[in-house]
Amino acid sequence: MSRKKVYTLMLIATWFWSGAFIAGKYCAPYIPPFTLVFLRFLIASAVLWPALKLFPIEEKYRLKKSDMRFLVNTSVIGMFGYHVLFFASLHYTTAINASIIAAVNPVLTAVFCAVLLKQFVNKQMLGGILLSLAGVLMTITGMNLDVVASLSFNRGDIFMIAAVALWCLYITVSRKRTMPPIHFTFYNFVITAILTFPLALSENPLSWMLGAGAAAWLAVAYMAVCPSVFSYCVMQVGIKELGSQRTAVFYNFVPAFSMLLAVLILGEAFELIKVITMLFIVAGVVICQTAGERMEKSRK
């Protein structure tokens with residue numbers, strides 16, 4: 001697959017992830033966190049299973065017993081652990097705080113890759129990550145230092161920090177998989193649904209099901225299909241083609257896209273400063289991607 005096509009798919013995947021923040025925040029008051037994770041990945045598994053059979057876009061793969069331990073570990077870390085903490089955090093923290101914490105994704109991923117995979121991060125790549133991160137912070141704060149100074153870490157912030165750490169670890173260790181990306185994603189979905197099923201039952205479904213409106217259920221369906229099935233499959237392709245570090249940098253688009261979705265969906269005012277800060281984010285991604293490609297070419 002060409003790099004241009006991978007970049008395009010990653011941008012679409014990031015757009016869907018941005019929508020997941022809005023959908024997750026909407027669902028949080030109505031549906032408990034374990035149940036949200038269970039429903040999201042149960043539906044995602046049901047959607048992805050026939051897609052694997054009807055549209056074999058990858059080589060055929062038969063699950064091996066030796067792969068099960070790796071699959072369980074990645075499911076617990078990246079799917080179960082991250083999403084339970086993510087949905088739990090949205091009960092206590094604001095979207096601004098969650099977005100700022102999530103923006104450290106590329107930095108933590110680079111650290112994990114350097115430590116666990118012994119991957120080198122040159123000055124250009126580090127500069128791109130920091131520039132993109134600066135754009136994220138400016139987007140969220142509106143370049144208002146008072147906003148930064150007034151941030152406080154509550155229980156939800158701590159949950160989100162832990163969630164991002166698990167997610168970065170998941171991205172890093174996923175590089176070691178031996179199975180095709182979509183099959184890897186599917187088995188992660190299934191294992192996560194199995195793990196969360198008894199926990200979802202413990203949240204007494206009858207006590208909240210009647211109170212959750214149609215919009216909440218539609219939001220769950222969106223999170224299952226778009227950010228889960230599509231975006232996670234694309235992310236695995238990105239890790240395979242671009243590497244863990246450069247794939248993680250695309251996550252810096254999430255806060256900027258979330259701002260844009262807020263304008264389109266919630267009718268919030270669109271400000272020029274948001275365009276400027278979005279350019280910072282794009283510039284950081286381009287610098288990081290270009291530096292990574294130059295490193296690859298120099299090694300060949």
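Which residues do ring pairs link into a cluster? Point 4 gives the list.

1. The model is predicted. The protein has 13 helices and zero strands, so its pattern along the sequence is α-α-α-α-α-α-α-α-α-α-α-α-α.

2. Of the protein's 300 residues, 50% count as buried. The exposed surface comes to about 14200 Å², with carbon and sulfur atoms supplying 71% of it. Among contacts with a separation of 6 or more, 93% are between residues 24 or more positions apart.

3. The count of aromatic pairs is 20. One of them joins Phe16 and Phe230: the ring centres are 5.4 Å apart and the planes stand at 85°, so the pair is edge-to-face. Phe16 belongs to helix H1 (residues 3-27) and Phe230 to helix H10 (residues 214-242), so the pair ties together parts 214 residues apart in sequence. Phe230 counts as partly exposed, at 28% relative accessibility.

4. Tyr82 and Trp167 form a tilted aromatic pair, with 5.1 Å from centre to centre and 45° between the planes. This pair links helix H3 (residues 68-89), which holds Tyr82, to helix H8 (residues 155-174), which holds Trp167; the two residues are 85 apart. Tyr82 is buried, because its relative accessible area of 7% is under 20%. Trp167 is buried too, at 4% relative accessibility. The cluster linked by ring pairs consists of Trp17, Phe21, Phe70, Tyr82, Phe86, Phe87, Trp167, Tyr170 and Phe184.

5. Asn188 sits in helix H9 (residues 181-201). Its relative accessibility is 0%, so Asn188 counts as buried. Leaving out residues up to four places away in sequence, Asn188 touches Leu71, Thr74, Ser75, Met79 and Tyr170. Tyr170 is also one of the residues in the ring cluster.

Note on methods:
Residues are numbered from 1 along each chain as its sequence is written. This is a predicted model: local features need pLDDT of at least 70, side-chain atom pairs count only at pLDDT 80 or more; totals for chains, interfaces and linings use all residues. Side-chain values use heavy atoms; hydrogens and water are left out. Helices (H or I, at least four residues) and strands (E, at least two) are DSSP runs, numbered from the N terminus. Buried means under 20% relative accessible area, exposed over 50%, partly exposed in between (1.4 Å probe, protein chains only). Contact means heavy atoms within 4.5 Å. Accessible areas come from the Shrake-Rupley method with a 1.4 Å probe; for residues, only the protein chains shown count as cover. Rings of Phe, Tyr and Trp (its six-membered ring) pair if their centres lie within 6.5 Å; planes under 30 degrees apart count as stacked, over 60 as edge-to-face and the rest as tilted.
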